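Student: I would like to learn how to read a model like this one, feature by feature. Please give me the general idea each time and then the case at hand.

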Amino acid sequence: MCEEKQMDESALDAVTGGVSDPAAPLPTGGVTYRCAICGTAINASTRDTRVTCPNVRCRCEYVVKNGKLTAVAASL
């Protein structure tokens, strides 16, 4: 009979490249918003809480709440 060999979690941790660093950031999904002022696409991560329009003539800032953009009031 052929006997299967299995490794437990502690043995897998010892394998080079077997476990990633727990502090390493995980990949996030991408989201695309539209600037309410100029209509330019704003590419962001699902983790972003603030985004800025990439259009150099616009540069409006937004806060992301519940997946929607809310404009940030400019200080005077």
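Student: Is Arg-59 buried, partly exposed or exposed, and what is its phi?

Tutor: Arg-59 counts as partly exposed because its relative accessibility is 45%, given that buried means under 20% relative accessible area, exposed over 50% and partly exposed in between (1.4 Å probe, protein chains only). As for the backbone, most residues other than glycine have a negative phi, whereas phi of Arg-59 is near 55°, a positive value in a residue other than glycine.

Student: How much confidence does the predictor place in the protein, and where is that confidence lowest and highest?

Tutor: The score to read is pLDDT, the predictor's confidence in each residue, from 0 to 100, and where it is low the predicted coordinates should not be read in detail. The mean pLDDT of the protein is 78, with 66% of its residues reaching 70 or more. Confidence is lowest in helix H1 (residues 9-14), at a mean of 66, and highest in E3, at 93.

Student: In what order do the elements of the protein run, and how do the strands of the open sheet pair?

Tutor: The protein has 1 helix and 5 strands, and from the N terminus on its elements run α-β-β-β-β-β. Two strands pair if DSSP finds at least two bridges between them, and here an open sheet of 3 strands has the order E3-E4-E5, with antiparallel pairing. Its edge strands, each pairing on one side only, are E3 and strand E5 (68-71). E3 is joined to E4 by 3 bridges, including the one in which Arg-50 has Val-63 of E4 as its partner. Between E4 and E5 there are 4 bridges; Val-63 stands opposite Thr-70 in E5, and Tyr-62 stands opposite Ala-71.

Student: How many residues lie between E4 and E5 in their hairpin?

Tutor: That hairpin has 2 residues between its strands, and in the turn Asn-66 has a positive phi of about 55°. Asn-66 also counts as exposed, because its relative accessibility is 81%.

Student: Which residues of E4 are on the covered face, and which on the uncovered one?

Tutor: In a regular strand the side chains alternate between the two faces of the sheet. In E4 the covered face holds Tyr-62 and Val-64, while the uncovered one holds Glu-61, Val-63 and Lys-65.

Student: Which residues make up the largest nonpolar core?

Tutor: In soluble globular proteins, nonpolar side chains tend to be buried together; a nonpolar core is a set of buried Ala, Val, Leu, Ile, Met, Phe, Trp, Tyr and Cys residues joined through side-chain atoms within 4.5 Å. The largest one here has 9 residues: Tyr-33, Cys-35, Ile-42, Ala-44, Val-51, Cys-53, Cys-58, Tyr-62 and Val-64. The elements that give two or more residues to this core are E2 and strand E4 (61-65). Contact means heavy atoms within 4.5 Å, and, neighbours within four places in sequence aside, the contacts of Cys-53 include Cys-35, Ile-42, Cys-58 and Arg-59. Over the whole protein, buried residues make up 13% of the 76 residues.

Student: Where is Thr-49 found, and which residues does it touch?

Tutor: Thr-49 belongs to the loop between strand E2 (41-45) and strand E3 (50-52), and it counts as exposed because its relative accessibility is 52%. Not counting residues up to four places away in sequence, Thr-49 touches Tyr-62, Val-63 and Val-64. Thr-49 and Lys-65 are 16 residues apart in sequence, yet 7.3 Å apart in space, C-alpha to C-alpha.

Key:
Residues numbered from 1 in each chain as written. Predicted model: local features only at pLDDT ≥ 70, side-chain atom pairs only at ≥ 80, totals over all residues. Heavy atoms only, no water.
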